[in-house]
Amino acid sequence: MSYCRTTIVEYNSEIDADEAQADYVKKAASEFLEAEILLAIRTGPTSGVAVSVYPDEETSDKTMAARNARMGKMKDVTKNHELHEGEVALSIVR
């Protein structure tokens, strides 16, 4: 069953959010090769959500090192971040 990882981030400033979003858009596809879906959502001037969907939890777990490395590089530009994970109950692509 597909497995989703969602990271909610609050940045220190709008500039930090702009730069982090641009970096994620540029690099995420190569950092998270196993992801079936990658979404970057700007939820406000200083906030965003990153959603990644993997074929299963085991595959998701294998990418945690890449996620942790990305979050570690962003520690100076973020106020807070939360990780939420779980099985995908519904996925519709039209």
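Two residues are in contact when they have heavy atoms within 4.5 Å of each other. This is a predicted model, in which local features need pLDDT of at least 70 and side-chain atom pairs count only at pLDDT 80 or more, while totals for chains, interfaces and linings use all residues. Residues are numbered from 1 along each chain as its sequence is written, and side-chain values use heavy atoms, with hydrogens and water left out.

Q: Which residues does A17 touch, not counting residues up to four places away in sequence?
A: By that cut-off, A17 touches Y11, R42, P45 and T46.

Q: What makes a set of residues a nonpolar core?
A: The members must be buried Ala, Val, Leu, Ile, Met, Phe, Trp, Tyr or Cys residues, joined through side-chain atoms within 4.5 Å. Buried means under 20% relative accessible area, exposed means over 50%, and partly exposed lies in between (1.4 Å probe, protein chains only). The largest such core here has six residues: V9, Y11, A17, A20, M71 and M74. Two or more of them come from each of β1 (3-11) and α1 (14-31). Such elements are DSSP runs, numbered from the N terminus: helices are H or I with at least four residues, strands E with at least two.

Q: Why is P55 called partly exposed?
A: The relative accessible area of P55 is 31%, and partly exposed covers the range between buried and exposed. P55 is therefore partly exposed. This residue lies in the loop between β3 and α2. Leaving aside neighbours within four places in sequence, P55 is in contact with M1, S2, Y3, E34 and E36.

Q: How do you know where the buried residues of α3 lie around the helix?
A: The buried residues of α3 (residues 64-73) are M64, R67, R70 and M71. Seen down the helix axis, they fall within an arc of 125°, so they line one face. The arc is that of the directions from the helix axis to the C-beta atoms. An α-helix has 3.6 residues a turn, so residues three or four places apart point the same way. On the other side of α3, A65 and K73 are exposed.

Q: What makes a space a cavity?
A: On a 1 Å grid over the protein atoms alone, a cavity is a set of points where a 1.4 Å probe fits but cannot get out. A search of the whole structure finds one of 30 Å³ or more. The largest cavity holds about 310 Å³ of space. Of its 21 lining residues, the closest to its centre are V9, Y11, Y24, V49 and A50; lining residues have an atom within 4 Å of a point.

Methods. On a 1 Å grid over the protein atoms alone, a cavity is a set of points where a 1.4 Å probe fits but cannot get out, and a pocket is an open set with protein on both sides within 12 Å along at least five of seven lines; lining residues have an atom within 4 Å of a point. Grid points are joined across faces, edges and corners, and a volume is the space filled by probe spheres set on the points.
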